Amino acid sequence: MKTVSSPLGPRVRASVSGISAVFATLLGLILVTFLIGRAMPVDPVLAIVGDRATPDVIARVRLELGLDKPLLVQFWIYLQHLAHGDFGTSVMTGQSVLADIAQYFPATLELATAAIIVSVFVGVPLGVLSAARAGSRIDAVARIVSLMGQSIPAFVLALVCLLVFYVKLGIAPGVGQQDVAYEGMLTPVTGALVIDAAMDGQWDIFRDALAHLAMPALMLAFISMSLITRMTRTFMLDALAGEFIVTARAKGLSPMRILWRHAFTNIAGRLVVVIALAYAALLEGSVLTETVFAWPGLGQYLTRSLLNADMNAVLGATLVIGAVYVGSNFLADVTYRLLDPRVK
Amino acid sequence: MVSRRSFIKSTAVLASTSYFYPFAANATPRNIVVLGKAIDGIVNGFDPAEAYDASADVLPNLYRTLMTYDPSQATKLAGDLAERVEVSPNGLEFKFTLRKGVKFNSGAPVTAQDVAYSLQRAVKLNKSPSFMLGNLGLSSANVDSAVQAKSDDVVTITLAEPRASGLVLSTLSTTVTGIVEKKEVMQHDVNGDMGNAWLRKHSAGAGSYKLTDWQAGSQIILDANVNASVQPKERRLVIRHMAEPSAGLLQLQKGDLDIARSLGSDELHALAGDKSINVASTDALTLLYTQMNTAAPMFQKREVLQAIKWSIDYEAIAQHVTPGLWNQWQSVLPKGTPGALTEQPFRKDVAKAKALLAKAGYPDGFTVTLDHPNTWPFPDIAQAMQADLAQVGIKVQLMAGDYSQVLAKRRARQHQMQLGRFIADHIDPNSFVSYFVPNADDTDATKVKNGAWINHFNNRELTALALAADRELDNGKRLTMYGQIQREFWNSAPMAFMLQARNVAAVRAGVTGLALGPVDAYTHYAGISKS
């Protein structure tokens with residue numbers, strides 16, 4: 001008897017199933033956010049028009065927002081618009097949510113990218129070193145630092161950083177993305193101020209933007225670095241205990257070669273997953289940091305929209321954050337499969 | 001009394017500012033004024049026909065109006081774009097002759113056609129603040145014939161029914177009547193929106209500034225309108241969002257802000273003795289009050305309403321909870337409004353309140369809920385009231401909520417007691433009375449869902465008196481009517497007015513010329529200069 005196998009290879013099947021899972025997750029996310037938004041004891045119409053608008057103004061705005069229709073119909077209409085790339089209009093800014101996201105997301109991306117670069121370049125070597133010299137003082141310091149980063153809430157750390165570096169020492173600029181003197185002097189291209197300033201050759205603005213970026217980025221880097229250091233250390237300890245390391249040592253290879261070429265290469269796949277998730281967490285989880293540092297990013301946009309019951313904006317921002325998270329997860333999964341031949 | 005939270009907060013602010021202040025060495029750039037205040041409540045931008053409340057201090061700096069507040073004569077108005085105002089004896093026709101030489105940002109002169117178009121547009125767009133023009137009897141159906149440009153510099157408003165001139169002129173000083181440039185706005189009309197979408201993020205006015213940039217909840221940039229007749233002393237004004245008053249205070253002391261508004265009592269207290277910061281303030285036409293929904297059986301008894309008014313320690317709240325920012329005030333018309341009574345008839349009198357409760361059939365008091373917004377000063381005031389009312393046997397359950405939640409609950413008339421704040425749109429008594437008094441139809445189908453309706457306050461005589469006052473052409477008689485209304489309010493209204501706000505700004509030494517008005521529609525930033 002002959003077994004009929006699928007015409008698709010296992011990797012393709014896994015990818016298709018992964019993509020389906022991504023869409024199902026996003027759909028679930030939209031539905032839950034939509035229902036929570038509608039179940040909140042806040043009337044979005046009153047939040048827009050205020051207490052003194054006449055009943056006909058209230059009725060008209062309710063109609064414009066489509067709130068007169070049954071909940072399921074509202075959700076279906078929202079999905080239809082979404083399928084056409086229409087996230088709706090933000091009642092707070094009066095422009096399309098997509099345009100808002102295009103305006104606010106680059107600032108978050110800039111902050112998260114700066115933070116992840118620092119945390120990878122510091123966290124990974126620190127984790128490797130900590131594992132290579134397990135039990136040493138360096139290991140103790142690395143463990144204490146990573147424990148602190150994991151335990152201190154981001155907003156507390158942000159406030160302490162501001163108090164110490166801005167208020168007390170005066171070596172860091174205050175909150176915001178740039179000094180008021182440079183406001184409006186640069187036409188946004190990428191939306192990331194540091195890159196736009198460099199592309200335009202405006203080095204004064206570049207220095208100023210970099211100075212403003214430094215503190216929130218380093219603070220976020222400290223938090224994600226603690227995770228990366230801790231995970232790198234754990235993975236490396238596991239790898240260094242492997243028989244292939246004993247073999248490498250027996251072959252007389254140098255300790256550095258064993259550490260980086262053999263042990264580190266072995267953990268690379270798992271580390272990529274950790275870094276990808278840490279990056280996604282930075283993109284979606286810097287809400288409080290953005291609020292404290294008055295950073296004009298997506299986190300701040302989302303918070304403000306929630307407080308103003310601006311549901312289109314809340315749904316749009318949540319969807320972007322969800323997509324980033326699910327997408328990163330998916331990409332990390334694929335990369336892991338590619339990097340680690342043991343995973344099929 | 002000082003709450004534990006406010007004590008800790010003020011101590012922390014004091015400690016940090018006194019310790020760290022010597023390190024402050026920054027300063028904002030020359031020619032740029034940086035002002036910090038909470039701007040995350042601004043919804044839909046800066047079209048004068050649509051913007052309301054949170055954006056009210058920006059609009060008078062972008063747009064001029066026919067009339068404006070005259071700071072040199074409190075409670076009076078002066079012509080802004082209008083050089084001469086003539087009112088017909090029957091109170092029906094208002095003729096405005098415009099000043100010559102006033103220009104829009106584009107350089108085009110302000111004409112009567114622009115004025116007529118702006119008023120017609122505000123009525124036809126029918127956005128939130130248009131109810132003020134509706135108070136004058138203007139509607140989409142009649143506004144084209146009621147508001148007409150008679151020549152390039154004369155515009156007339158003809159009302160269907162007489163209105164007191166004070167009410168009409170005061171309404172014409174509000175932000176919704178800001179004059180836009182017809183030609184510029186028409187160029188940005190999309191699907192008949194009369195340029196509404198465009199004007200949310202741009203300006204087309206004759207004010208001292210033009211709108212350069214608005215990042216919602218983050219910052220607003222205004223630049224000098226080079227064609228304005230009143231030129232700003234500094235070319236740029238940046239308004240930055242100040243999420244937390246204590247952080248704003250630090251920024252001010254570090255020199256990253258020139259002016260900080262939205263400060264609390266703790267921050268003002270922390271500033272005492274700081275010679276590098278001056279505090280500017282003026283009485284605001286903003287009242288804080290407790291409202292009682294008469295759908296609850298106990299509030300249908302006048303004695304219970306009186307008992308609550310005699311239970312609250314107004315003076316203690318003003319002195320210990322909101323010092324410097326809210327003063328004791330018990331009338332429905334605040335200080336600064338024509339005809340406002342200055343008496344403060346109520347004080348805390350536990351014995352009297354208990355006797356009133358016993359007379360009403362509640363000798364042991366009752367249990368009641370008190371909703372309040374979760375932002376300062378409401379929680380602290382609610383706690384103080386809870387303690388006061390407990391002394392007369394009324395057990396208060398505090399229900400804190402986001403402002404939108406509290407608002408939704410009272411619009412649904414589901415509250416029992418609720419703390420509220422009312423901000424006037426202009427200085428005429430109508431701005432308050434029209435919200436708190438008339439209730440001709442207490443059903444859910446009514447077209448007017450004001451403060452009286454929200455609390456089922458349905459006093460026919462007062463409703464008639466309030467509507468008559470709007471139409472009274474003799475100003476003396478009109479003010480007498482408002483006196484009657486205020487006294488009857490103390491007697492029977494299910495509202496206890498407690499406090500009146502002060503508009504306050506902390507300003508760095510060397511920064512002068514900030515003109516705070518009693519309402520934000522009269523706040524002007526053009527005179528600010530930095531030494």
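## Helix packing in chain B

In this predicted model, helix H12 (residues 314-321) of chain B passes H14(B) in a right-handed crossing, a crossing being right-handed if the near helix is turned clockwise from the far one by less than a right angle, and left-handed if anticlockwise. The axes of H12(B) and H14(B) come within 11 Å and cross at roughly 145 degrees, where axes are lines fitted to C-alpha atoms, for helices over the stretch in contact, and angles run from 0 to 180 degrees between N-to-C directions. Helices (H or I, at least four residues) and strands (E, at least two) are DSSP runs, numbered from the N terminus.

Ala316(B), Ile317(B) and Val321(B) of H12(B) make the contact with Asp380(B), Ile381(B) and Ala384(B) of H14(B); residues are in contact if their C-beta atoms, placed from the backbone, lie within 7 Å. These residues divide into 5 nonpolar, no polar and 1 charged, with Ala, Val, Leu, Ile, Met, Phe, Trp, Tyr, Cys and Pro counted as nonpolar, Asp, Glu, Lys and Arg as charged, and the others, Gly among them, as polar.

## Numbering and confidence

Residues are numbered from 1 along each chain as its sequence is written, while chains are lettered from A and ligands numbered from 1 in the order in which they are written. Because the model is predicted, local features need pLDDT of at least 70 and side-chain atom pairs count only at pLDDT 80 or more, whereas totals for chains, interfaces and linings use all residues.

## An open sheet in chain B

In chain B, 4 strands form an open sheet in the order S4-S5-S7-S6, with antiparallel pairing; two strands pair if DSSP finds at least two bridges between them. Strand S4 (82-87) and strand S6 (147-149) of chain B are the edge strands, each pairing on one side only, and neighbouring strands of the sheet are turned by 20 degrees against each other on average, direction ignored.

S6(B) pairs with strand S7 (residues 154-158) of chain B in the antiparallel sense over 3 bridges, and Gln148(B) stands opposite Thr156(B) in S7(B). Helix H3 (residues 112-125) of chain B lies across strand S5 (93-98), S6 and S7 of chain B, and runs at about 160 degrees to S6(B).

## Backbone features in chain B loops

A cis peptide bond, with omega about 10 degrees, joins Trp376(B) and Pro377(B), and Pro377(B) is found in the loop between strand S14 (367-373) and helix H14 (378-390) of chain B.

Asn44(B), although not a glycine, has a positive phi of about 70 degrees; this residue counts as buried, with 23 C-beta neighbours inside 10 Å. Ser262(B), also not a glycine, has a positive phi of about 55 degrees and counts as partly exposed, with 17 such neighbours. A residue is buried if 20 or more other C-beta atoms lie within 10 Å of its own, exposed if 12 or fewer, and partly exposed in between.

Helix H5 (residues 97-132) and helix H14 (residues 311-339) of chain A pack at an angle of about 55 degrees, with their axes 10 Å apart. That makes H5(A) oblique to H14(A), since angles under 35 degrees count as roughly parallel, over 145 as roughly antiparallel, 65 to 115 as roughly perpendicular and the rest as oblique.

Between the chains, 35 residues of chain A are in contact with 43 residues of chain B. The largest share of the side of chain A that touches chain B, 4 residues, comes from H2(A), and by class this side has 19 nonpolar, 10 polar and 6 charged residues.

Methods:
Two residues are in contact if their C-beta atoms, placed from the backbone, lie within 7 Å.
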